Amino acid sequence: METQDVESVQQELSDKEVVERILSGEKRLFELLIRKYNQRLYRIARSIVTEDSEIEDLMQCAYIRAYEHLGKFEWRSSFSTWLVRILVNECLSHLKKKHRVMVTDIDDELSTSSYKNISSPTPVSVVLNKELAQALEEALLNIPEKYRTVFVMREIEDMSVAETVEALALSESNVKVRLNRAKSMLQEKLNSYYKNDLVFHFYLTRCDRIVQNVFNSLGIV
């Protein structure tokens with residue numbers, strides 16, 4: 001399927017319609033979902049797994065797992081939230097296997113009331129040059145993963161609190177706490193702004209490669 005064709009069809013169909021057509025036999029339409037969510041999945045995976053060389057494999061595993069379970073998805077949440085949850089599980093499982101991090105459910109030391117006392121920093125808005133965007137990426141990679149992931153989901157990918165809660169299996173208060181902590185940590189490292197399309201950017205060549213690799217693994221021609 002040509003990129004232009006993908007874009008035109010993608011604008012016409014909802015995720016649910018695409019999934020229904022895939023389940024009816026139009027398997028190649030899965031490309032629509034891959035291309036639609038590649039940027040989001042890459043940024044979120046990058047916020048959890050800092051080794052860029054490992055991220056494409058994890059994304060591909062998430063897509064394959066999602067494809068294999070499309071028929072079981074009950075639409076109790078949005079497709080994107082379900083897909084992100086699969087990716088997060090793949091990333092955390094990968095890290096556990098490599099013994100790189102210890103995964104904890106919540107921060108015991110942080111109570112629901114604690115985040116109310118954290119002053120909200122000035123919203124970040126725009127990056128003036130690529131060097132500053134790179135500085136933000138480096139700053140993000142130098143704060144703990146549990147804060148970084150929430151920041152990427154909420155501030156860069158513009159996921160709602162509810163979506164983030166579901167994707168990470170956290171309470172609403174913990175999402176808010178972690179977001180504020182992430183902002184505070186980043187403020188210490190940066191005194192400027194960021195621009196969404198320059199942070200953890202996902203290039204078209206990589207997008208094409210992932211589509212092809214997923215299709216090869218699934219035997220879709």
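Eight aromatic pairs are present in this predicted model. One of them joins F30 and Y63, whose rings are edge-to-face, with centres 6.3 Å apart and planes at 90° to each other. Because F30 belongs to helix α3 (residues 30–48) and Y63 to helix α4 (residues 52–68), this pair ties together parts that are 33 residues apart in sequence. F30 is buried at a relative accessible area of 1%, and Y63 is likewise counted as buried, at 1% relative accessibility.

A further aromatic pair consists of Y37 and F79; its geometry is tilted, with 6.1 Å from centre to centre and 45° between the planes. Y37 lies in helix α3 and F79 in helix α5 (residues 79–97), so that distant parts of the chain, 42 residues apart, are linked. Y37 and F79 are both buried. These two residues also belong to one aromatic cluster, together with F73, W75 and W82.

**Helix packing**

| Helix pair | Angle between axes | Distance between axes |
|---|---|---|
| α3 and α10 (residues 204–218) | about 125° | 10 Å |
| α4 and α5 | about 130° | 9 Å |

Helices α3 and α10 pack at an angle of about 125°, which makes α3 oblique to α10. The crossing of α3 past α10 is right-handed. On the α3 side, the contact is formed by F30, E31, I34, R35, N38 and Y42, while α10 contributes L204, R206, C207, D208, I210, V211, V214, F215 and L218. Sorted by class, this contact comprises ten nonpolar, one polar and four charged residues.

For α4 and α5, the packing angle is about 130°, which makes α4 oblique to α5. Here, too, the crossing is right-handed. The residues in contact are E54, L58, M59, C61, A62, Y63, R65 and A66 from α4, and W82, L83, I86, L87, E90, C91 and H94 from α5. By class, eleven are nonpolar, one is polar and three are charged.

**An enclosed helix**

Helix α7 (residues 145–156) is largely enclosed by the rest of the structure, because nine of its twelve residues are buried. The buried residues of α7 are Y147, R148, T149, V150, F151, V152, M153, R154 and I156. After α7 comes D158, with a positive phi near 55°.

**Positive phi in loops**

W75 is a residue other than glycine with a positive phi, near 60°. W75 is placed in the loop between α4 and α5 and is partly exposed, at a relative accessible area of 28%.

Definitions and conventions
Residues are numbered from 1 along each chain as its sequence is written. This is a predicted model: local features need pLDDT of at least 70, side-chain atom pairs count only at pLDDT 80 or more; totals for chains, interfaces and linings use all residues. Side-chain values use heavy atoms; hydrogens and water are left out. Rings of Phe, Tyr and Trp (its six-membered ring) pair if their centres lie within 6.5 Å; planes under 30 degrees apart count as stacked, over 60 as edge-to-face and the rest as tilted. Helices (H or I, at least four residues) and strands (E, at least two) are DSSP runs, numbered from the N terminus. Buried means under 20% relative accessible area, exposed over 50%, partly exposed in between (1.4 Å probe, protein chains only). Axes are lines fitted to C-alpha atoms, for helices over the stretch in contact, and angles run from 0 to 180 degrees between N-to-C directions. Angles under 35 degrees count as roughly parallel, over 145 as roughly antiparallel, 65 to 115 as roughly perpendicular and the rest as oblique. A crossing is left-handed if the near helix is turned anticlockwise from the far one by less than a right angle, and right-handed if clockwise. Contact means heavy atoms within 4.5 Å. Ala, Val, Leu, Ile, Met, Phe, Trp, Tyr, Cys and Pro count as nonpolar, Asp, Glu, Lys and Arg as charged, and the others, Gly among them, as polar.
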